[in-house]
Amino acid sequence: MTILPLNPAENSSPEALIAFLAQCQLAAKRAGRAQLVSISLEIDALDPLAVLESIFEPGERHFYVERPAEGFAVAGAEAVLSFSASGLERFAECQRFIDETLANTLAVGPQSAAFSGPHFFTAFSFFDVVEAAESFEAASVFVPRWQVALANGKTTAVANLLVEADSPLEALAERVWRARKKFGSFDYSAPDFQEAPPATPTTIREVGGEGAYAESVRRAVERIEAKEFEKIVLARAKDITASQPLHPLRVLNGLRQRFADCYAFSVANGRGQSFIGASPERLLRVSDGQLLTEALAGSIRRGATASEDAALGTALLRSEKDRREHEFVLQSITRRLEPLGVKLDFPSSPALRRLANVQHLHTSVRAALPDGVRLLDALARLHPTPAVGGKPRAAAVPRIRELEAFPRGLYAGALGWVDARGNGEFFVGLRSALIDDATARLYAGAGIVAGSWPEKEFTETELKFRAMQDALLG
Ligand SMILES: C=C(O[C@@H]1C=C(C(=O)O)C=C[C@H]1O)C(=O)O
């Protein structure tokens, strides 16, 4: 990426913008290919979700994620560039697309602020291949036309555009100029959906039928006893049909308030479907050479009183079965990252992670990222961890398709972004739903190991469904 020493906040006028774009056009002619031009600006405080609401278009792609407790939120919408891939090489192919794009990127504006410069919003489905009719590809990346983000108390807006040898510069400049004015003095006029009453469900249906999950768990336990594998995560899906269209961003408003410590997200495919949720699980963060991941596995309900809650938490910490489920995840993270030369640092026993509906065993894992190892290299090795897949991976993960009655799509997939510095963050697509007009498919799963009981796993998935079910049904 070439960073041009220009500050778009100063000396800016439509004429200066056209002159700048003319320089970019020259670069496009020299390179013999279109250049991605990324203009970053620090702006007055804006709520990225409010911005996305105001310009929401079901026919446009978007990626929204917010983790209120960590003080960041980022919204990107309308693809200026996109790429998709499938199969075992999907992570490497996305990396190549990112590298090639950055080799043809010209950036202006402050580049050191969080969320400045171009960002590649990426979604990897759980499996490396998906069926043709699914809503999201096995890997999809896009660079948004615009992005607004809040981090460390600062708001940054980014406009991205593609300048080709024959692009009409006046029209491009005018579009950027309009966006700049819009974000510079943003008008939070209430979009229509805020006035609409919450949708009421007309039907809730268990995909695969009642009793199917218990049967799958029984079959999985038999295979575990036959030593085919040690752990497998099996999910359920529920289809909700509402009386009127469900709005992904309206649901997000509820999720971000109730799950401030989670990643509240909405990923729209631009064809009317959105995958939304409030995920508690970080898959990977890379920030200036530091890698952060975690093991999150082992679950129990919350108590109605402080003492009941504490007693449940203690029981979870002492549960041999849950500790085993958790340990499998930690072992896998270690084994998968070691060949990259990563030396992990984590505490010897898990802590409790308490969410509104459920509590989990949690271990934070840190490491220095060795030189030359990139975020997507580490992600390709980590996904799917036994928190959502199984152990050993090769024996357990292919069985999931046989034992579950629906395609996973982005459920338990890896969603996140990579920036031009190689930093980025991915979370696991859990506590989630695929929204399509007036229908929503909700997903929730649980880890099955030797000694798992179908009824208990069913109850655990009910707890996990609650996050989305309550948000959808108000
Ligand atoms: C599979 C899910 O959650 C995962 C499984 C857990 C478990 O089995 O205890 C806990 C947290 C998540 O890693 C889900 O939410 O659908």
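**Helix packing, domain contact and ligand shell**

Helix H5 (residues 212-225) packs against helix H11 (residues 454-473) at an angle of about 125°, and their axes lie 9 Å apart. The model is a predicted one: local features need pLDDT of at least 70, side-chain atom pairs count only at pLDDT 80 or more, and totals for chains, interfaces and linings use all residues. Residue numbers start from 1 along each chain as its sequence is written. Helices (H or I, at least four residues) and strands (E, at least two) are DSSP runs, numbered from the N terminus. Axes are lines fitted to C-alpha atoms, for helices over the stretch in contact, and angles run from 0 to 180 degrees between N-to-C directions.

H5 and H11 are therefore oblique to each other. In this scheme, angles under 35 degrees count as roughly parallel, over 145 as roughly antiparallel, 65 to 115 as roughly perpendicular and the rest as oblique. H5 passes H11 in a right-handed crossing. A crossing is right-handed if the near helix is turned clockwise from the far one by less than a right angle, and left-handed if anticlockwise. From H5, Tyr213, Ala214, Val217 and Arg218 meet Pro454, Glu457 and Phe458 of H11. The contact of H5 with H11 has 5 nonpolar, no polar and 2 charged residues. Here Ala, Val, Leu, Ile, Met, Phe, Trp, Tyr, Cys and Pro count as nonpolar, Asp, Glu, Lys and Arg as charged, and the others, Gly among them, as polar. Two residues are in contact if their C-beta atoms, placed from the backbone, lie within 7 Å.

Helices H1 (residues 14-31) and H4 (residues 169-184) form another pair. Their axes come within 9 Å and cross at roughly 125°. That angle makes H1 oblique to H4. The H1 and H4 crossing is right-handed. H1 contributes Pro14, Leu17, Ile18, Leu21, Ala22 and Gln25 to the contact, and H4 contributes Leu169, Glu170, Leu172, Ala173, Val176 and Trp177. By class, the contact of H1 with H4 holds 10 nonpolar, 1 polar and 1 charged residues.

The chain is assigned domain 1 (2-193) and domain 2 (201-473), with bounds from an automatic or database domain assignment. Taken over C-alpha atoms, the centres of domain 1 and domain 2 are 29 Å apart. Domain 1 gives 41 residues to the contact and domain 2 gives 40 residues. On the side of domain 1 that touches domain 2, two or more residues come from each of helix H2 (48-55), strand E3 (61-67), helix H3 (90-102), strand E5 (105-108) and strand E6 (119-124). E3 supplies the largest share, 7 residues. This side of domain 1 divides into 25 nonpolar, 9 polar and 7 charged residues.

Around the ligand stand 18 residues, of which Ser299, Ala387, Leu430, Gly445 and Gly447 come nearest. Strands E10 (231-242), E14 (290-301) and E21 (439-448) each give two or more residues to this shell. A residue is near a molecule if its C-beta atom, placed from the backbone, lies within 6 Å of it. The shell residues comprise 9 nonpolar, 5 polar and 4 charged.

His383 and Pro384 are joined by a cis peptide bond, with omega about -10°. Pro384 lies in the loop between helix H9 (375-382) and strand E17 (390-391). A cis peptide bond also joins Lys391 and Pro392, with omega about -10°. Pro392 sits in the loop between E17 and helix H10 (393-403). Ala412, a residue other than glycine, has a positive phi near 65°. Ala412 is in the loop between H10 and strand E18 (414-419).
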